[in-house]
Structures are given as structure tokens and as C-alpha cells.
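Open the structure in your viewer and keep the sequence beside it. This tour tells you what to select next and what is there.

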Amino acid sequence: MFSVPFWEFDGVADMLKTLKTLHKQVFFVTNNSRIARSEIIEKFHRLGLRHVEEHSILSCGVAAAFYLQQSVHLGTKHINISPESDNDAIVKTKKKVFLIGTDSMGHELEKAGIEYVGGQSFNDKKVDPQKSTLPDIDQDICAVVAGYDPNLNYYKINYAQLLINKFGCEFIAC
């Protein structure tokens, strides 16, 4: 789960309690894209670290979601339709991401309000070698988020590369 199993050291629980008593912020950072923060919290609680809260865990899924919220045009935007008008038009922009990753990574995106396609729902999809046509690409996808995927297949790789190379989607690796 972490590269250093800090919970195996004597006094960790007491140290974390002391830091909380002193109103110090403690964060746990992981680049593990396989599991969600809720699963990390469960492990902490099993280890007796009950005061650790989900918002204090920073994972690559959380970082990807934050980046997408801040940098990529998800949802809608207001544009001025003419210089003479004070009225803005609401234009739907691309609002989904394509996920190569686990359901836990998808859960982190959903918690941040980010809609995704792909993930484990693309496990059984296959490229038909008899057809030279491209797969149907969802035109609302604006980014590809890639993390650990135990069921990575050629279809997912092909879909992602088409989104990036042919449709200009952003690539975010976790």
C-alpha cells in the first residue's frame, strides 16, 4: 500500500494523535492507483489508526481529479455570442474522461463529479481484426486517465491512443 509501512513502527498511533492534538495537519501521500481512499481508510482503521480521515489521503486518483477540475473544460461554459450583446450563451463542452484503471480509480473520479467511460466496463471489448473501421468514439471525452489496470487489453490501448492522437484529448498518467 505504501513504500514505507510506517504503521509497523512503535509509537506511530500515539505520534499521530499528538500531532492532531497540536492541530497539525498530517497527510498520507500514495501513488497507488489501484485502490480508493476509502479502502486506505479501512486499512488504517484495522491497524488502530482510527483518527485518520479520508481528506488527509492524497492519492494519484485525487490528484488527477483535482487537475481535471482545474485545467480541463468539463461541463459547460459561458460565451459571449456577439460583441453588441450582453447575453451569454451556454455551450456544452466535452465533459467525460476515458479511464484505464480500476473501479476504485473510477470511484475517485465520480466523487469529484467527473463522469467517465471505460475502466473495467471495457474489459471484454475486442478489436475485430476483420474490420478496418475505428471503434465508435464518444465525442464528449476530453481526457484519458491511465492508472493500474489488471485487465488492460488492446482495445483499451487503441481507444486511448485514438482519443489522444486523433481527437486531441489530454493524457493524464497515474
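Start with two strands: select β5 and β6, which pair in the parallel sense over four bridges. The model you are looking at is predicted. Within this pair, show the side chains of Phe98 and Val117: Phe98 stands opposite Val117 in β6. In a regular strand the side chains alternate between the two faces of the sheet.

**The whole sheet**

Together the four strands form an open sheet in the order β6-β5-β7-β8, and the pairing is parallel. Which strands are at the edges? They are β6, residues 115-118, and β8, residues 170-173, each of which pairs on one side only.

Strand β7, residues 141-146, pairs with β8 in the parallel sense, over four bridges.

Next select helix α3, residues 60-71. This helix lies across β5 (96-100), β7 and β8, and runs at about 155° to β8. Then select helix α4, residues 103-111, which packs on the sheet and touches β5, β6 and β7. The direction of α4 makes about 160° with that of β5.

Follow the chain from β5 through α4 to β6. These three elements make a right-handed β-α-β unit. Just after α4, stop at Gly113, which takes a positive phi of about 80°.

**Where the helices meet**

Two packed helices are described by the angle between their axes and the distance between the axes. What are these values for α3 and α4? The angle is about 40°, and the axes are 9 Å apart. The crossing of α3 past α4 is right-handed. To see the contact, select Gly61, Val62, Ala65 and Leu68 on α3, together with Met105, Glu108 and Leu109 on α4. Of the residues in this contact, five are nonpolar, one is polar and one is charged.

**What is buried in α4**

Stay with α4 and colour its buried residues: Ser104, Met105, Gly106, Glu108 and Leu109. What covers them? The cover includes α2 (37-46), α3, β5, β6 and β7.

Move to α2 and select Glu39, which lies in this helix. Now draw a C-alpha to C-alpha distance from Glu39 to Ser104: they are 8.6 Å apart in space, and 65 residues apart in sequence.

**The whole chain**

Finally, show everything again. The protein chain has five helices and eight strands. Read from the N terminus, its elements run α-β-α-β-α-β-β-β-α-β-β-α-β. How much of the protein chain is buried? Buried residues make up 39% of its 174 residues. Consider also the contacts between residues at least 6 apart in sequence: 65% of them join residues at least 24 apart.

Methods: Residues are numbered from 1 along each chain as its sequence is written. This is a predicted model: local features need pLDDT of at least 70, side-chain atom pairs count only at pLDDT 80 or more; totals for chains, interfaces and linings use all residues. Side-chain values use heavy atoms; hydrogens and water are left out. Two strands pair if DSSP finds at least two bridges between them. Contact means heavy atoms within 4.5 Å. Axes are lines fitted to C-alpha atoms, for helices over the stretch in contact, and angles run from 0 to 180 degrees between N-to-C directions. A crossing is left-handed if the near helix is turned anticlockwise from the far one by less than a right angle, and right-handed if clockwise. Ala, Val, Leu, Ile, Met, Phe, Trp, Tyr, Cys and Pro count as nonpolar, Asp, Glu, Lys and Arg as charged, and the others, Gly among them, as polar. A crossover is right-handed if, with the strands pointing away from the viewer, the path from the first strand over the helix to the second runs clockwise. Buried means under 20% relative accessible area, exposed over 50%, partly exposed in between (1.4 Å probe, protein chains only).
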